[in-house]
Amino acid sequence: RVPSLDELLALYNKQWNDEWYASATQLDSYYAEGTRMLRAFYEQQERDGWRVPRLIEHGVRIRIEHAIIKGQIDRIDQTSTGGVVIIDYKTGKAKTALDTDNKDQLYLYQLATQDIAELKALGPVTELVFYYLEDGSRQSFRGTAEELERYKQKVLTVVRRIESRDFAPDPNPFKCRSGDFRDICEFRQL
């Protein structure tokens, strides 16, 4: 059952946590923006026709050689043709272009559908989607066998660096803008 917009907004209000904000102004701004995004999402689904997700917030855990990689898939939809669409919701603005680093998260999820019996039974991935709640835009793609193999190799390279305690800085503006240590890192590039 699809909730009414009023029910959705009541649930949002009930779940809202107002303890994480630097000021009342910031809290009010974020709350209003969340309300706006939910309204826009709801209206877009009304126009496009609601699709019932097959799975939401589905945890995955896969092995790439000896490394265990975990993730949380926001949404999986079953298609009428026997495949699946994996959707990852983003609250920020859409990227002007998707590069490999942007796609890695969804490559993990595509690999999970090939590796985990429960997901494998749903059918092959037909589409990977970043859904941007800020403006309702979507960016979609599907990982090729070569791209998925490159992702696996990238994971293994990072694992080897961790195992050898190679923590040399690897600054770039994309990582540094959102890094946990951006305010104190002497190597940051902003």
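Start by selecting Ile62, Ile69, Ile76, Ile86, Leu119 and Tyr151: of the 29 residues in the largest nonpolar core, these touch the most other members. A nonpolar core here is a set of buried Ala, Val, Leu, Ile, Met, Phe, Trp, Tyr and Cys residues joined through side-chain atoms within 4.5 Å. Buried means under 20% relative accessible area, exposed means over 50%, and partly exposed is in between (1.4 Å probe, protein chains only).

Before you click further: this is a predicted model, in which local features need pLDDT of at least 70 and side-chain atom pairs count only at pLDDT 80 or more, while totals for chains, interfaces and linings use all residues. Residues are numbered from 1 along each chain as its sequence is written, and side-chain values use heavy atoms, with hydrogens and water left out.

Now colour by element. At least two residues of this core come from each of β1, β2, β3 (84-90), α3 (100-115), β4 and α5. Helices (H or I, at least four residues) and strands (E, at least two) are DSSP runs, numbered from the N terminus. Which element gives the largest share? That's α3, with 6 residues.

Zoom in on Ile69. Ignoring neighbours within four places in sequence, Ile69 is in contact (heavy atoms within 4.5 Å) with Val60, Arg61, Ile62, Ile64, Leu108, Tyr151 and Val155. Apart from this core lies another one, of 7 residues, including Met37, Phe41, Ile87 and Leu133.

**The sheet**

Switch to cartoon. You'll find 5 strands in an open sheet with mixed pairing, ordered β1-β2-β3-β4-β5; two strands pair if DSSP finds at least two bridges between them. At the edges sit β1 (55-64) and β5 (137-141), each pairing on one side only. On average, neighbouring strands are turned by 40° against each other, direction ignored.

Helix α5 (residues 145-163) packs on this sheet, touching β1 and β2 (67-78), and its direction makes about 70° with that of β1. For such angles, axes are lines fitted to C-alpha atoms, for helices over the stretch in contact, and the angles run from 0 to 180 degrees between N-to-C directions.

Next, pick β4 (residues 125-132), which pairs with β5 in the antiparallel sense over 5 bridges. Look for Tyr132 there: Ser137 in β5 stands opposite.

**Aromatic pairs**

Show the rings. The whole structure holds 14 aromatic pairs; rings of Phe, Tyr and Trp (its six-membered ring) pair if their centres lie within 6.5 Å, with planes under 30 degrees apart counted as stacked, over 60 as edge-to-face and the rest as tilted.

Select Tyr107 and Phe141. Their ring centres are 6.0 Å apart and their planes at 90°, so the pair is edge-to-face. Tyr107 lies in helix α3 and Phe141 in strand β5, so this pair ties together parts 34 residues apart in sequence. Are Tyr107 and Phe141 buried or exposed? Both are buried.

Phe130 is in strand β4 and Phe141 in strand β5, 11 residues apart. Phe130 counts as buried at 3% relative accessibility, and Phe141 does at 12%.

**Helix α1**

Last stop: α1 (residues 5-15), whose buried residues are Leu5, Leu8, Leu9 and Tyr12. Look down the axis of α1: these residues fall within an arc of 95°, so they line one face of the helix. The arc is that of the directions from the helix axis to the C-beta atoms. On the other side, Asp6 and Lys14 are exposed. What covers the buried residues of α1 includes α2 (24-48). Finish on Tyr12, which ring pairs link with Trp16, Tyr21, Tyr30 and Tyr31 into a cluster.
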